Amino acid sequence: MDPVLQVNQLNASYRKNKVLTDVQFQIAPGTLTGIIGPNGAGKSTLLKVLLELHPRLSGTVSFFGTTYAKAKSRIGYVPQRGTVDWDFPTNALDVVMMGLYGKIGWLRWPTRKHRELALQALNEMGMADYAERQISQLSGGQQQRVFLARALVQDADLYFLDEPLAGVDAATERAIMNTLKLLKEQGKTVLVVHHDLQTVADYFDHVFMLNRTVVAHGPTADVFHQNNIYRTYGGTIRWMGEKSG
Amino acid sequence: MSYTGWILLTASLVGLSCGLIGCLLILRRMAMMADAISHTVLLGIVIAFLITRELSGVHMLIGATLAGLLTAVLVQWLHTTGVQQEASIGIVFTTLFAIGVVLIATKVGNAHLDVQHALMGEITFIPWETVELPIVGAVPQAVLMLSSVLVVVLVVLLALYKEWKITSFDPALAASLGLPVVLLHYLFMAMVSMTTVAAFDAVGAIMVVAMLITPAASAYLWTDRLAVMLALSGGIGVLSAFIGYYIAAWLDTSISGSMAFATGILFMISFIGSPKYGMASRWTKPPEPAEAPPRA
């Protein structure tokens, strides 16, 4: 099958420091990939460069065999929770509806139909009771579920999530992973920046190991082993979990 | 209409437009940009005057809007080269304002344009500078300009309501949904500049900042809904105009100064008394109960 994402010879810098060098990979449809690497490895930058939120120095990126601009509506992005102002005067339902703004189009207002789609997505994340809650009154885990619900209403074919499990409670972590696995079963492709090495083997069928360039990439069972982890993290890692894959 | 009536109408229009625009300013964390633009519009007005040799509303509006956009572009550019956001605002607006002051002193001479007027405004003269309109008759120039700007602000705000909301809350998502975030940023900056210059003549560069920021900051304390915040902010702006006028009449002092003072009083009332975020509610309300365990 054609890859949903193909990246060739990608280079990018952040504040004049080269962060990504010759990054080259492709992502097959229907995979759930964990992107791992040490702090400063360029994980978030990679996502931002792919989504053209950050400029690239060179290289090519193609989504579904076409450009990002043409494939935009098929791509969903869940930024890190800390990137937005949770004191913004709005409620959970409204935030979820924002995922539909691209589809609603210019000079139109959200309708009852959009409201119902958003409610349904909140329900899928176990957040239906919090629809009218002001977003600052939600816990970190609940805020993350709202973000997930917002990604769900986008009904994309390819999802990027930046550390969706950072600082969330165990129940939220389960809810999010169940949702991501469900998306995968529906044939969607999901890429997740992840930081907990212990859960990699349980959560992801593919793993993408990044440290300024691609260290290893492939099925978790094949590439997520001690040797590659050391190569990715250098000497900075002291412990790794039992590999179950 | 009576003299007082025109003054109150002018001030209310200032309060309303500034209150609406101010909400987006503080939600986008750009309050400092209001300060910057309120000063650099002076340069736009001076240059428009030097080119056309007349102090007409339309020329001033165009000149000031361009100057405001120039400010926004320069601040953004300096920021991308690595200068801190606040520092670049400080550098750009003082420099452009200084050029405006120098031009007034050297090129404009004693035309009806001076720094004092630019900073403090002169709402007391507004009812006498009228233009003839069909049907309604003689209307103060400032009222005409403020009404036109208010209509533009309202139309742009309502037509792009959801776009303003999403680009203010989560610009990264907005960009990934294909919205022109940068274009909207500059459109907003143009609206800030227009509103500022329209309010400029009435209240001056310093007081316009009070009208832009304080009612919006007060409204923010009363509600969790953006639409309600906009309405409240506009209302508080109008209320400040009225309270300010009567304080000025009572104490025989500057109208624009009193209006800014009134926004401050209303903010203090909100800060202390707002049921949700006010200090009083923090003292009286029991601590929030622990949240219910999340459901998987």
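What is the volume of the largest pocket? In this predicted model, where local features need pLDDT of at least 70, side-chain atom pairs count only at pLDDT 80 or more, and totals for chains, interfaces and linings use all residues, residues are numbered from 1 along each chain as its sequence is written. Chains are lettered from A in the order in which they are written, and side-chain values use heavy atoms, with hydrogens and water left out.

The largest pocket has a volume of about 2,100 Å³. A pocket here is an open set of points on a 1 Å grid over the protein atoms alone where a 1.4 Å probe fits, with protein on both sides within 12 Å along at least five of seven lines; lining residues have an atom within 4 Å of a point. The volume is the space filled by probe spheres set on the points, which are joined across faces, edges and corners. Of the 48 lining residues, those closest to the centre are A:Leu53, B:Gln76, B:His79, B:Gln85 and B:Pro171.

Turning to the interface, 42 residues of chain A are in contact with 35 residues of chain B, contact being heavy atoms within 4.5 Å. About 3,300 Å² is buried between the two chains, 60% of this given by carbon and sulfur atoms; buried area is the accessible area (1.4 Å probe) lost on putting two parts together, summed over both. A:Phe88, A:Pro89 and A:Trp106 supply 20% of the area that chain A buries against chain B, more than any other three residues.

The interface of chain A and chain B also holds 3 salt bridges, each a side-chain nitrogen of Lys or Arg within 4 Å of a carboxyl oxygen of Asp or Glu. B:Lys165 and A:Asp94 meet through their side chains in a salt bridge, at 2.4 Å from N to O.
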